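Hi,

Here's the structure I said I'd pass on. Have a look at it first, and my notes follow below.

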Amino acid sequence: MFQLPNIRSSSLALAALLGGVSPTSGAHEMFAGDSPWMLGDWNGTRTELLEKGYNFTFGYTGEMGSNLHGGYDHDRTARYSDQFTFASHLDLEKILGWHDTEFQLTITERHGQNISNDRINDPRVGGFTSAQEVWGRGETWRLTQLWIKQKYFDGALDVKFGRFGEGEDFNSFPCDFQNLAFCGSQVGNWVGGIWYNWPVSQWALRVRYNFNDELYAQVGVFEQNPSNLESGNGFKLSGSGTQGAVMPIELVWSPRVNGLKGEYRAGYYYSNAKAQDVLKDSNGQPAALSGQAYRSSSSKHGFWLGMQQQVTSLASDQSRGLSLFANATMHDKKTNAIDNYVQAGVVYKGPFDARAKDDIGFALARVHVNPGYRKNARLTNQAAGLDDYDNPGYLPVQDTEYSAELYYGIHVTDWLTVRPNLQYIRHPGGVSQVDAALIGGLKIQSSF
């Protein structure tokens, strides 16, 4: 039976507002199509504040997902999840006279349900990707950013300190797609136990050196504290529970190829906290058979590569055209369930003259499970005397998951974009016994 998603009254109110929107003249008016804000410029107050160094933003992201076909549970339904973002960015040079200094404060709230949890993936092992990327890390309020940044030596040296996530600076990637495999920093999706992406924050220091306008290198030190993931610790500032530190380093090159923008990233991360082996005990034997505790490693590490490159443009508008992108990550086979991931896709901006700000995106991804992790699942079942996938106590063996997404981004106004999408997932969660799933989605991005 098909059930309607349970959407909060705030989301229904938003939908009601959207239904009555028609672009009007004058960017300062409420609901004006050429204004960056739904609620307008407050009679010029917002622009005046921006000129003085105060930038206050209120954003909303809502995502609906419906299991149209296949998946673990064929009972069709739809789920809705969303996020509100309250942010302030202060130019402290304009406000206090502090040279090249900025301050950021962001609070987020997430709420809702995810279609992937029990309809697409086998809940006994869960999944790798998520059909609704905005769901996750606790449906709660969080202090997502609290940092200060200052530049030195005419901007060559850039230092940022405070609370933020690794993906804000390292392995960064846009989030226009709705499937998590194509959204944001991918390292955090595959080593999420140590690398915390938005909306989780931790104490961190990031130092960047700009060699020139196209090339910079950066290094960071991030608190590795699993207690920051807990829903009740969204505003925790103490370091209690810290297990170590994650230290990423990255080189970023942003050339213009035939005058078109590109970005290429290569990075490495190292964690000095203890990590559990996925297969063996301290004697080098399979822990699932010996009954002994899994051995621990003194560290954990991995690599990533990423690229984005615009390859075509229109003479009349260089922002319109075709762009290619690809990302890959590689992880420690001894301690991580996922040993490698690869993704690639295309985005075309401005497909029609009448829809110059719309965009179309298509992407493919492959998530591969560490062979040692698979072997551990098989041995766990062997030790329990189970070989029937339908037995509730059976531990599904995970291998490789393939994902694809196609979306069309409708630029309704400068403050609202709506992206209907179709997603296809083969072997959800890497479990071959789960039927391939077709998911219908809808992503709403708005700025109030």
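Let's start with Arg 208, which is buried at a relative accessible area of 14% (buried means under 20%, exposed over 50%, partly exposed in between, with a 1.4 Å probe and protein chains only). Its partner is Asp 169: the two side chains meet in a salt bridge, 3.4 Å from N to O (that is, a side-chain nitrogen of Lys or Arg within 4 Å of a carboxyl oxygen of Asp or Glu). Arg 208 sits in strand S6 and Asp 169 in the loop between strand S5 and helix H5, so the pair ties together parts 39 residues apart in sequence (helices, H or I, are DSSP runs of at least four residues and strands, E, of at least two, numbered from the N terminus). Asp 169 is buried too, at 6%. Salt bridges with shared partners link Asp 158, Lys 160, Glu 168, Asp 169, Arg 206 and Arg 208 into one network.

Before you read on: this is a predicted model, where local features need pLDDT of at least 70 and side-chain atom pairs count only at pLDDT 80 or more, while totals for chains, interfaces and linings use all residues. Residues are numbered from 1 along each chain as its sequence is written, and side-chain values use heavy atoms, leaving out hydrogens and water.

The salt bridge count comes to 23. Another one joins Arg 79 and Asp 118 at 3.1 Å, N to O. Arg 79 lies in strand S2 and Asp 118 in helix H4. Arg 79 is buried at 11%, whereas Asp 118 is partly exposed at 27%.

Cheers
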